Amino acid sequence: MFEIFFFVNPIGINCYQNEQEIIAAVSGYQQNISYHFIPMTTMNTIRSDIRARHLSSSNIEIFNTFSQSAYNATKDYHTLKLIAGNKKARQYIIKLQHAINDMGKVYSTELVNEILSSLDVSIKNFKKNRESNYIKLSMDKDLKLADDLNVVTTPTTIIFNYDNDRGDSGMIEGCANREEIESAITGDRQTSSDNSLRLL
């Protein structure tokens, strides 16, 4: 069995592209693969995303806009995880990333409501639960997990292999392509990228 933790900036442009690579890599395997999507909003991940968009990371207005959007998207994710489950929460983030990164939309209440409606999620129930104490606790728990696993940037992919006695695990920091993920799963650590699997 494999367990994959994918740490992302929930609106990050590189994270969105990397997510597509991971989904493509794991979808063809018959093995039991457990997949965890962990939105992570820190000053470092926000600055990284702004640089990836070729914008000025020292511009306070730009930083505040992206920071607030990423924080709200993370909060949305945890709310959906509570009221509709992990699958709907992941679908929400993918649709949000597509709207922001492919269609040039900005994070807004209108965009959120549009996506919620497309997923058949009650907007009223979403709003009611979004401010609950559980959401803050859930977000804090993910940040603690990132800290425990020494995750400092997004995207970061951590793969645990429970199928051998060694219990191999490894981390890919930064963007990884489909071949790198497949190599990590199959145990072939000979990849051509600078982001190749690093044993934990």
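What follows is a short chat about reading a fold, an aromatic cluster and a pocket.

Biologist: What should I know about the model before I start?

Modeller: It's a predicted model, so to speak of local features we ask for pLDDT of at least 70, and side-chain atom pairs count only at pLDDT 80 or more, while totals for chains, interfaces and linings use all residues. Residues are numbered from 1 along each chain as its sequence is written, and side-chain values use heavy atoms, with hydrogens and water left out.

Biologist: How many helices and strands are in the chain?

Modeller: Helices (H or I, at least four residues) and strands (E, at least two) are DSSP runs, numbered from the N terminus. Here you get 8 helices and 5 strands, and the pattern along the sequence reads β-α-β-α-α-α-α-α-α-β-β-α-β.

Biologist: And how do I read an aromatic pair?

Modeller: A pair of aromatic rings is described by the distance of the centres and the angle of the planes. Rings of Phe, Tyr and Trp (its six-membered ring) pair if their centres lie within 6.5 Å; planes under 30 degrees apart are stacked, over 60 edge-to-face, and the rest tilted. The whole structure has 2 such pairs. One of them, Phe37 with Tyr77, is tilted, with 5.5 Å centre to centre and 45° between the planes. That pair ties together distant parts of the chain, 40 residues apart: Phe37 sits in strand E2 (residues 33-39) and Tyr77 in helix H3 (residues 60-84). Ring pairs also bring in Phe6, giving a cluster of Phe6, Phe37 and Tyr77.

Biologist: Are Phe37 and Tyr77 buried or exposed?

Modeller: Buried means under 20% relative accessible area, exposed over 50%, partly exposed in between (1.4 Å probe, protein chains only). Phe37 counts as buried because its relative accessibility is 3%, and Tyr77 counts as buried because its value is 2%. Of the chain's 200 residues, 45% count as buried.

Biologist: Which residues lie nearest the centre of the largest pocket?

Modeller: Rolling a probe the size of a water molecule over the atoms shows where empty space is left. On a 1 Å grid over the protein atoms alone, a pocket is an open set of points where a 1.4 Å probe fits, with protein on both sides within 12 Å along at least five of seven lines; lining residues have an atom within 4 Å of a point. Here 14 residues line the largest pocket, and His36, Ile38, Lys81, Asn86 and Asp142 lie nearest its centre. Two or more lining residues come from each of E2, H3, helix H4 (86-101) and helix H7 (133-148). H7 gives the most, with 5 residues.
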